[in-house]
Amino acid sequence: MRDGLLVGLARALVSATCLWSGFRAVSDDDYSRLVIAARFAASPSLDPSGTSWLPLPFWAYGAPMALLGDSLAVARGVAFCLGVASSVLVWGAAGLLGLTPAAALLAALGAVLLPYGAWLSVATVPEAPCAALILFGVVSLAREEARLRLWGALALGAACFCRYEAWAPALVFAAVTGAQALRSRRRALGLAALLALLPIAAWLLHGVVRHGDALFFVARVSQYRAALGRPPAGLLQASLDTLGALVRFEPELAAVTVVALCFSVGKGRWPFTRAALGPILALAALVLFLIVAAASGGSATHHPERALLPVHWFSALLAAGLLTKLAQAGTGRWWVPVLVLPLAIAGNLLLRPTLRDSFTDRGEEEQVGSLLRHVGATDVALDTDDFGYFAVQAALGHAKSQPLYDLDPRSPALPRAATTGELAARLRERGARWLVTARSRALLAQPLGKARAVTQRLSVLELEPAALSAAR
């Protein structure tokens, strides 16, 4: 338990460092999810988003928001705590896999320090807790104790309500556990297999009842990608992209793992125990799932590599176990760092710098939303150039703002107001009292109110009823 607390503390320090560095979100979806979670806090429902997004993350964020308020601070506090809990779960998975206490601690601390995983562990997205749940679930296949297998089933079941890639390892888990139940006639194992499948069945049934199609989420994602002009990648390209991401997004881990595997095989030490074959098969199913989704046009529209986080964390467990065994045997004591360090440094210099640049910076939008929240603004109209309005909404709070335009590429585009009169008419229709607009459109909106704040990209106006009425 002391090691688990140490791992949790390490995650807390790394998460605090990420926030101190200015990192806030992976994409605009982070803020969109918070807007939905705030809506759930105000009006709970079983399917908070009503879209293809799975419900558990909205329940997890919405419940604390209902108690403590729907501020960004509360949401980030939830993300921070979930990140810490995820790291402790990774440490627990290392123990299930049979690693020694020292190796389990090394593996968990290594997972904590992985940069891409560190960013995901502090962002308000479900990737980190989902990855930890997947990892714990599949690693429970290494043990045949019914109690542990039931906990693994519950972990995978929860993950299946977070992200779709969890479905593939859950199916493998159910198949392996179900086969063992039939062979050993142990009812608890049969129950574990059913528990892993239950969330998948429930969501498919939900699709039939509410959307008239069990696989409605596949069609929605494919249509969205097509509307963005992103055709299916094809099997070869999807395979190269997915497998390449395993190296590109955690190059230091890839270097350590490859060198440790090579040394183990070279010394006649088979690197995988029989107990590890089940988890490896389940995670291989996850990778295959991602490849097929990308090849068919059903993968995530941005940052699809996030779904590989459980594979990265399993690699950290594998590498730590191998390195510990090599050290104990006195094998490769000097050659391992000699080979690892140049590979890790090269990967860091060549691949790492481009990753942070792909994240969204919505600091100005957060600032504007927080300012409006501070002054008690309501009926705020949002006329932004992109989906940055979600960040304004997340910082402002539930039901206090609405965008003037639907930016969904699947919807017919409503032309933005070209004159002050057109803008005033649309603001009157919405009953707006405040306007957040792009700086490039500030002159168009200027006659309609008083500027209360200006940032590099945005302008905030308090609208004047008389000016709105006069503008025609």
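**Figure 1. Ser239 in helix H12 of a predicted model.** Ser239 is buried, with a relative accessible area of 18%. Buried means under 20% relative accessible area, exposed over 50%, and partly exposed in between (1.4 Å probe, protein chains only). The residue belongs to helix H12, residues 235-248. Helices (H or I, at least four residues) and strands (E, at least two) are DSSP runs, numbered from the N terminus. Leaving aside neighbours within four places in sequence, Ser239 is in contact with Gly244 and Ile291. Contact means heavy atoms within 4.5 Å. The model is predicted: local features need pLDDT of at least 70, side-chain atom pairs count only at pLDDT 80 or more, and totals for chains, interfaces and linings use all residues. Residues are numbered from 1 along each chain as its sequence is written, and side-chain values use heavy atoms, with hydrogens and water left out.

**Figure 2. Ser299 in a loop.** Ser299 lies between helix H14 (277-296) and helix H15 (309-329). Is Ser299 buried or exposed? Ser299 is buried, with a relative accessible area of 12%. Not counting residues up to four places away in sequence, Ser299 touches Val221, Arg225, Ala293 and Ala294. Ser52 is 247 residues from Ser299 along the chain, and 12 Å separates their C-alpha atoms.

**Figure 3. Helices H1 and H5.** The axes of H1 (residues 2-20) and H5 (residues 101-113) come within 9 Å and cross at roughly 15 degrees. Axes are lines fitted to C-alpha atoms, for helices over the stretch in contact, and angles run from 0 to 180 degrees between N-to-C directions. H1 and H5 are therefore roughly parallel to each other. Angles under 35 degrees count as roughly parallel, over 145 as roughly antiparallel, 65 to 115 as roughly perpendicular and the rest as oblique. H1 passes H5 in a right-handed crossing. A crossing is right-handed if the near helix is turned clockwise from the far one by less than a right angle, and left-handed if anticlockwise. From H1, Asp3, Leu6, Val7, Ala10, Arg11 and Val14 meet Pro101, Leu105, Ala108, Leu109, Ala111, Val112 and Leu113 of H5. By class, this contact has 11 nonpolar, no polar and two charged residues. Ala, Val, Leu, Ile, Met, Phe, Trp, Tyr, Cys and Pro count as nonpolar, Asp, Glu, Lys and Arg as charged, and the others, Gly among them, as polar.

**Figure 4. Helices H4 and H5.** The axes of H4 (residues 72-96) and H5 come within 9 Å and cross at roughly 145 degrees. This crossing is right-handed. H4 brings Ser87, Val90, Trp91, Ala94 and Gly95 to meet Ala104, Leu105, Ala108, Ala111 and Val112 of H5. The contact of H4 with H5 has eight nonpolar, two polar and no charged residues.

**Figure 5. Helix H19 and its cover.** Eight of the eight residues of H19 (residues 389-396) are buried, so this helix is largely enclosed by the rest of the structure. They are Tyr389, Phe390, Ala391, Val392, Gln393, Ala394, Ala395 and Leu396. What covers them includes helix H2 (28-42), H4, helix H18 (363-374), strand S1 (380-383) and strand S2 (401-403). Just after H19, Gly397 takes a positive phi of about 120 degrees.

**Figure 6. The protein chain as a setting for the close-ups.** The chain has 22 helices and five strands. Of its 472 residues, 53% count as buried. Its C-alpha atoms fill a box of roughly 85 × 50 × 45 Å, taken along the principal axes.
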